[in-house]
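Please work through the exercises below with the sequence and the model side by side, and try each task before reading its solution.

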Amino acid sequence: MKRLLSLGAVLVLALASIVLAQTSGQATLRSPAGDRPFTYVQQSGQTYVSTNEVVAALGGTITPDSNGYKITISNAVAAFGPDSRFGVVRDDLIEMPVPPITIEGAPYVPWQFFQGLLAKTSDLDVTWDAANHVLLIRPRTHDVVGVQASVANVQGISKIVLTLSAPAEYTILKEQGAYTVRFKSPIQAPFAEQAVEDPSIAKLTFAGSDLRIQLTAPDIVADAYKLDNPPRIVLDFRKAAAPVPGQLPALPGARPQELPGIRTIVIDPGHGGKEVGAVGPDGLMEKDITLALCRKLAAALAGKTGARVVLTRDDDVLVSLDQRTALANQYKADLFLSVHMNSAVGKVAKGSETYFLSLEASDELARKAAETENAVSAPVADPTSDLKLILWDLAQQTYLDESSRFAQAIQEEMNAASGVANRGVKQAPFKVLVGATMPAALVEVGFISNPEEEAKLQSDDFQNLMVDALTRAVQRYKTDYETRIGMVRPAPAAPATATAAPPATGTVQ
Amino acid sequence: MVAILAIVACKKQSTATANVNAANKVAVRPVRLFYESPQMVLVSETRNIALPESPAAAIPVVIRELMKGPASAGAMRLFPADTVVRSAYLLPGGTVIVDLGGSTLTQGWGTGSHHELMAAYSLVETVTANFADARRVRFVVNGAPAETLAGHVSLAKSLSPIPQLVDPRFR
């Protein structure tokens, strides 16, 4: 028995030793600038690197404070704490497999910290070569992406559809009479050069990772968007229209301004599929009531405004929040309205609320999202230029100002229709509004958590009342906006509704 | 075995609490916890709880106290009762990483914008009102970045206090 116990104790000690076993030594940081030694430690299957030494090797500085450490590399400031496996840089998370450790007063982070840091702040990749103890820092490599190009003319709009074998990063550069799609990855091109018989497009030329699109005239402008499954880049070309007197300045990175006014409206029925949203005390699901109401609203708006009205979903399906806004951007919508039913802990809460995006949430994410979706319309080719960033800030502020007016019109009409005390217009960082490159609002029609409102929301009469109020709000905002830009209001076009199918890409030439 | 034991750490190493003494030193202190009032704005109640001296150690204690729900009449709990505070860390620069879990948040919290907004900001207000160094909260769920808590409020960036959500008497 004693021998057994002794053996057990030895085994426990051995296991503990394996878990706690720590090896350390000198490793090499290998970067385009050369080799630098640093100290590493291996423990419990993780490799930690001396943060002080690696930061110094990268030309940065590290400063301790009472809550952890701040690192400054180039213009980026990152932070990490002693116990958290999350660090931050520019408000982005840096995820580590385990928290950092401290050895003799110095911080050691898992090597993946630097992988995350440089991925978010540079075009550098970091890998750990465990066999040779090398932390390898090199320019990010990209796999070869196959590109197929097709050209079509759909209702007077020339389209180029680039179908990719895998998602790829790219920028679009504009010059006089030509556009260039520049991929970050090496590409496998379908041809070197091809002449095109099209009113707007003269020739396509692939060279390196560039596709150069030669146009037939210098006043042709392009607009671009991405589609998924399969990954595609679509470029629409049309002649630029002469500016309308009194028109608001064109928004950088936004939809083309040659067709002013509210012509396309995207209506977003909240939730759907497995995301049921809020559920009322009697079991009414938010996703069902938003869809029913939005179908009626789409029909009413098409009939009364003459605008093209698009639903982000016309069935009980799950659509991601990003997809909803991206769809509005792809359709070059002039207005975006997300429709929801509210819920509160207090069962007596009632009335409508209208939200638009808070400025804090609108800045960087919106810029990132819209830059990729509207790259062609950007006023300058260099995506990092300060001018572009300033213009973006102005553009986002303009969208917010317009969103505020739109939200105000909605709230006033909803209050008048329901007779409920004004719950007011509010700002919040709602995900579905982030990245919309048009005035956008989210309306909470009523409180599904209130038994009385839940019953009303199911009735046709109340739904019609709300649809009428929302229709009047859109009409009011449309008239107000078009008056302010000095636009002569066109005669209503034939009404049309559409569902969330992507814009037509036409036939392949 | 000898070989294994030989590579056991020879350097002095710790799991790196920033200030062990401060973390272990506990004192009863008043904290402000934010809940929703019948007027549908955030109000605070003050509670005396035993707190570690170091903010890094005290923040998760305060958030767990928030999750216990209000004691004052009329105030309403905002987070689901089964919400678990997995961890909370204060980073240099004022970002607090709060990792939440629990079956409701894990399986999909079906609630409306108002409820979700007030829940998220009740935590933001509680953390920033009690700790001068805390300026914003970055939520993660079950140890991973999350899009939203319940389908509305974006968690892609840190959340800073929105004074308009708080009763002026409690700002």
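This is a predicted model: local features need pLDDT of at least 70, side-chain atom pairs count only at pLDDT 80 or more; totals for chains, interfaces and linings use all residues.

Residues are numbered from 1 along each chain as its sequence is written, and chains are lettered from A and ligands numbered from 1 in the order in which they are written.

**Exercise 1.** Describe the contact between chain A and chain B.

Solution. Start from the criterion that two residues are in contact if their C-beta atoms, placed from the backbone, lie within 7 Å; the contact then takes 59 residues from chain A and 52 residues from chain B. Next, on the side of chain A that touches chain B, helix α1 (residues 2-20) gives the most, with four residues, where helices are DSSP runs of H or I with at least four residues, numbered from the N terminus.

**Exercise 2.** Find the domains of chain A and the separation of domain 1 and domain 2.

Solution. The assignment, which is automatic or from a database, gives domain 1 (21-139), domain 2 (145-239) and domain 3 (264-498). Taken over C-alpha atoms, the centres of domain 1 and domain 2 of chain A are 40 Å apart.

**Exercise 3.** Decide how far helix α5 of chain B is covered.

Solution. Count a residue as buried if 20 or more other C-beta atoms, placed from the backbone, lie within 10 Å of its own; by this count 17 of the 18 residues of α5(B) are buried, and the helix is mostly covered. In chain A, buried residues make up 42% of the 509 residues.

Terms used
Helices (H or I, at least four residues) and strands (E, at least two) are DSSP runs, numbered from the N terminus. A residue is buried if 20 or more other C-beta atoms lie within 10 Å of its own, exposed if 12 or fewer, and partly exposed in between; C-beta atoms are placed from the backbone.
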